[in-house]
Amino acid sequence: MYVGTLSFDLLLGDVRSLKEKRSVVRPIVAELQRKYAVSAAEVDHMNLHRRAVIALAMVSGDAGHLSDVLDRCERLVAGRPEVELLSVRRRFHGEDD
């Protein structure tokens, strides 16, 4: 069994309120969950309207499949024009951990 996690530190574009922030962050989280069947949520900077951290996790029996899905999730977030991806943290836990 393999567990992979990604954490995205995001700078949001022209967002002036927490309500506007939610309208940007929620669709990203929902799309990650829907397209890739991962667990995803906003996990940090909840009170800052121009910053967000979205984290996701996935469990798989195949390390190659897990790596492929994490790559696709990263490309999806990086390709969103309304956010700037400041950093990505990837963790991979295998059977040896």
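A residue is called buried when its relative accessible area is under 20%, exposed when it is over 50%, and partly exposed in between, with a 1.4 Å probe and protein chains only. By this criterion Asp68 is partly exposed, with a relative accessible area of 35%. The model is predicted, and therefore local features need a pLDDT of at least 70 and side-chain atom pairs count only at pLDDT 80 or more, whereas totals for chains, interfaces and linings use all residues. Residues are numbered from 1 along each chain as its sequence is written, and side-chain values use heavy atoms, with hydrogens and water left out.

Helices (H or I, at least four residues) and strands (E, at least two) are taken as DSSP runs and numbered from the N terminus. Helix H1 covers residues 18-36, and its end C-alpha atoms are 27 Å apart, in agreement with the 27 Å that its 19 residues should span at 1.5 Å a residue, where the expected span is 1.5 Å times one less than the number of residues. The buried residues of H1 are Lys21, Val24, Val25, Ile28, Val29, Glu31, Leu32 and Tyr36, and what covers them includes S1, S2, S3, H2 and S4. Just after H1, Ala37 takes a positive phi of about 50°.

Two strands are said to pair if DSSP finds at least two bridges between them. Strand S1 (residues 2-12) pairs with strand S3 (residues 51-60) in the antiparallel sense over ten bridges, and within this pairing Leu11 has Arg51 of S3 as its bridge partner. Strand S2 (residues 39-44) also runs antiparallel to S3, to which it is joined by five bridges, with Glu42 facing Ile54 of S3 as its bridge partner. Six residues separate S2 and S3 in the hairpin that they form, and in its turn His45 has a positive phi of about 60°.

Ser60, which lies in strand S3, counts as buried at 11% relative accessibility. The side chain of Ser60 reaches the backbone nitrogen of Asp62 at 3.1 Å. When residues up to four places away in sequence are not counted, Ser60 touches Met1, Tyr2, His65 and Leu66, contact being defined as heavy atoms within 4.5 Å.

The structure holds nine salt bridges, each defined by a side-chain nitrogen of Lys or Arg within 4 Å of a carboxyl oxygen of Asp or Glu. In one of them, the closest N and O atoms of Glu31 and Lys35 are 3.8 Å apart; these residues are four residues apart in helix H1 and therefore separated by about one helical turn. Lys35 is partly exposed, with a relative accessible area of 48%. Glu31 also forms a salt bridge with Arg80, the closest N and O atoms being 2.6 Å apart. Because Arg80 lies in the loop between helix H2 (63-78) and strand S4 (83-93), whereas Glu31 belongs to helix H1, this pair ties together parts that are 49 residues apart in sequence. Both Arg80 and Glu31 are buried, and a network of salt bridges links Glu31, Lys35, Arg80 and Glu82.

A further salt bridge joins Asp68 to Arg72, with the closest N and O atoms 2.9 Å apart. Asp68 and Arg72 are four residues apart in helix H2, so that about one helical turn separates them. Arg72, at 28% relative accessibility, counts as partly exposed, as does Asp68 at 35%.

Methods: Polar contact = N/O pair within 3.5 Å; in protein donor to acceptor, adjacent residues only side chain to side chain.
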